[in-house]
Amino acid sequence: MAVPTRFRDSTYVSKLYYSSQEELEAIKNGDLFKTQDFTWYCRSVEFDVRGSSPVPENLFCIEKRCTTSVVTKRWEFCTLEQSSSVKVYHGDGLKKKIYSEISSWMKNINPKTRTAFSGKRFDSYIYALPREFLIDDAFCEKVGDLIRKGAIARIKTANFEEIKNIQAFKKHVDEVLAKAQERTAEGYRKKIESSVVSSKKLEEARQNAIKEIAKSGRKGSSGK
């Protein structure tokens, strides 16, 4: 079975474009980023090499998470190349990019089917928002505010049936955002608890080992 983060002689290598030194450093540092493509959240990850062919200069392995599916991931090997015609969004810039996308969703959404952009589901987009952003209350408040403003803007030109659909959609998406926050917070809590338990077990193992070694030392001394 092929390992997605293992580079081999025959591995296909694409190009990843960036426009500034700041964007380049963000990619190199493993920061979460997004290109102008709507589809993926990306970050560079460690990789290993198999085979005898030389590794291309400036090679990176990019882990890509789908923006409309929590479970869909891909890995791609890329070399970095500068271009003034592209934009890489990272850090606060990535948050602003997401805010812009939320506004676009609200302008284009079919409130009855909860889909836009060729059938993409808004629920799935919300659930797939980056976990490091979903644990930020300020980020989630901003997303909620944009959804509210988008719903109000749509209602201002809606007929009676559309008003009901928009109201129902707004209530539903608020619940989805709250659930996405809750799931993310629970996941981080379990991760922290697991880390604490592991640390405690490691410390217990250390102390037990020290006691055993100390006992054996005292026994040896008494036998002289």
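Helices here are DSSP runs of H or I with at least four residues, strands are runs of E with at least two, and both are numbered from the N terminus. Alanine 180 sits in one such run, helix H6. The model you are looking at is predicted, so please keep its ground rules in mind: local features need pLDDT of at least 70, side-chain atom pairs count only at pLDDT 80 or more, and totals for chains, interfaces and linings use all residues. Residues are numbered from 1 along each chain as its sequence is written, and side-chain values use heavy atoms, with hydrogens and water left out.

Buried means under 20% relative accessible area, exposed means over 50%, and partly exposed covers what lies in between (1.4 Å probe, protein chains only). Alanine 180 has a relative accessible area of 4%, so this residue is buried. Contact means heavy atoms within 4.5 Å. Once neighbours within four places in sequence are left aside, alanine 180 is in contact with Ile126, Tyr127 and Leu134. Tyrosine 127 is 53 residues away from alanine 180 along the chain, and the C-alpha atoms of the two are separated by 5.4 Å.

**The nonpolar cores**

A nonpolar core is a set of buried Ala, Val, Leu, Ile, Met, Phe, Trp, Tyr and Cys residues joined through side-chain atoms within 4.5 Å. The largest one has 30 residues, and the members that touch the most others are Ile98, Ile102, Phe122, Tyr125 and Ile126. Two or more residues come from each of helix H2 (92-108), helix H3 (122-127), helix H4 (131-134), helix H5 (137-155) and helix H6 (160-222). Isoleucine 98 is in contact with Tyr41, Tyr125, Leu129, Pro130, Phe133 and Phe139, leaving aside its neighbours within four places in sequence. A second, separate core has 13 residues, including Leu24, Cys42, Cys78 and Leu80.

Among the buried residues of H2 are Leu94, Ile98, Ile102, Trp105 and Met106, along with the charged Lys95, Lys97 and Glu101.

A disulfide is a pair of cysteine sulfur atoms within 2.5 Å. By this rule the structure has zero disulfides. For cysteine 42, the nearest cysteine sulfur belongs to cysteine 78 and is 8.2 Å away. For cysteine 78, the nearest cysteine sulfur is that of cysteine 61, at 8.2 Å. Cysteine 42 is buried, with a relative accessible area of 7%, and cysteine 78 counts as buried at 4%.

**Salt bridges**

A salt bridge is a side-chain nitrogen of Lys or Arg within 4 Å of a carboxyl oxygen of Asp or Glu. The structure holds 13 of them, and the table shows some.

| Salt bridge | N to O distance |
|---|---|
| Arginine 6 and aspartate 48 | 3.4 Å |
| Glutamate 132 and arginine 43 | 2.7 Å |
| Aspartate 174 and lysine 170 | 2.5 Å |

Glutamate 132 lies in helix H4 and arginine 43 in strand S4 (residues 40-45), so this pair ties together parts that are 89 residues apart in sequence. Glutamate 132 is partly exposed at 31% relative accessible area, and arginine 43 is partly exposed at 24%.

Aspartate 174 and lysine 170 are both in helix H6, four residues apart, or about one turn of the helix. Aspartate 174 counts as partly exposed, at 30% relative accessibility. Elsewhere, salt bridges that share partners join Arg6, Asp48 and Arg50 into one network.

**A serine in a loop**

Finally, serine 83 lies in the loop between strand S7 (73-82) and strand S8 (89-90). Is serine 83 buried or exposed? At 19% relative accessibility, serine 83 counts as buried. Not counting residues up to four places away in sequence, serine 83 touches Tyr17, Tyr18 and Ser19. A polar contact is a pair of N or O atoms within 3.5 Å; within protein, one must be able to donate a hydrogen and the other to accept it, and residues adjacent in sequence count only if both atoms are side-chain atoms. The side chain of serine 83 makes such a contact with the side chain of serine 85, at 3.0 Å.
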